Amino acid sequence: MRRKIFLLALFMGSFFACKDNTGNNEAETTSVKEENKKDAFEMYQMSEMAAFMEILAAEHSKMKNTIKAGNAPDSLRFAIDKIFTANFTNPEDRDAKYLEWAEEFKTYELKIIADPENAKEHYNNAINTCITCHESKCTGPLTRIKKLLIK
Ligand code: HEC
């Protein structure tokens, strides 16, 4: 019974991944719990867009390391146009503002490749666009996204 409630809690937490859960310190401190949460999430519910966003987060973490090491990525290792085409958990998220920010994001991403001399600046502009869009659309991962900025 206890276990069922626990799993249900994990499931609900994952279902509302965009919700701001900054008050939820317990979940943040225990990495094992986080792992479980992730499993539950992938098992039950992940929209095409959420899955794409997870790829974006992982790839930007790698890009951050590349750029910090003084190099520039020579290509984008994800299908950038998915930001326009993937299906959302909440289809109403895809409004005019969303499309504007998505376009801005794509512009900076392409500049990282086209103008490697200024890769860091373009990269940070791109991450700031992730942040702007998320402040309005999906506050849950904001802390995680802010860590991607190169200081
Ligand atoms: C134009 C708006 C926009 C931009 C730009 C954007 N996101 Fe998102 N992001 C969203 C929306 C909307 C969702 C919710 C998707 C869904 O649940 O279907 C989301 C979801 C996520 C999630 C949660 C996925 C999950 O597991 O539920 C993460 C993590 C994420 N984004 C990271 C990023 C990162 C990192 C960037 C930039 C490199 C970025 N996002 C750029 C709008 C945006």
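Author: Begin with the shell around the ligand, whose residues divide into 19 nonpolar, five polar and four charged. This is a predicted model, so local features need pLDDT of at least 70, side-chain atom pairs count only at pLDDT 80 or more, and totals for chains, interfaces and linings use all residues. Residues are numbered from 1 along each chain as its sequence is written.

Reader: What makes a residue nonpolar, polar or charged?

Author: Ala, Val, Leu, Ile, Met, Phe, Trp, Tyr, Cys and Pro count as nonpolar, Asp, Glu, Lys and Arg as charged, and the others, Gly among them, as polar.

Reader: Which of the residues around the ligand come nearest?

Author: Of 28 residues, these are Ala17, Met53, Thr89, Cys130 and Cys133. A residue is near a molecule if its C-beta atom, placed from the backbone, lies within 6 Å of it. The largest share of the shell, seven residues, comes from α4.

Reader: Why are α4 and α7 called roughly antiparallel?

Author: Helix α4 (residues 48-68) and helix α7 (residues 119-137) pack at about 155°. Angles over 145 degrees count as roughly antiparallel, and therefore α4 and α7 are given that name. The angle runs from 0 to 180 degrees between N-to-C directions, with axes fitted to C-alpha atoms over the stretch in contact.

Reader: How many helices and strands does the protein have?

Author: There are eight helices and zero strands. Both are DSSP runs: helices are H or I with at least four residues, strands are E with at least two, numbered from the N terminus.

Note on methods
Parallel < 35°, antiparallel > 145°, perpendicular 65-115°, else oblique.
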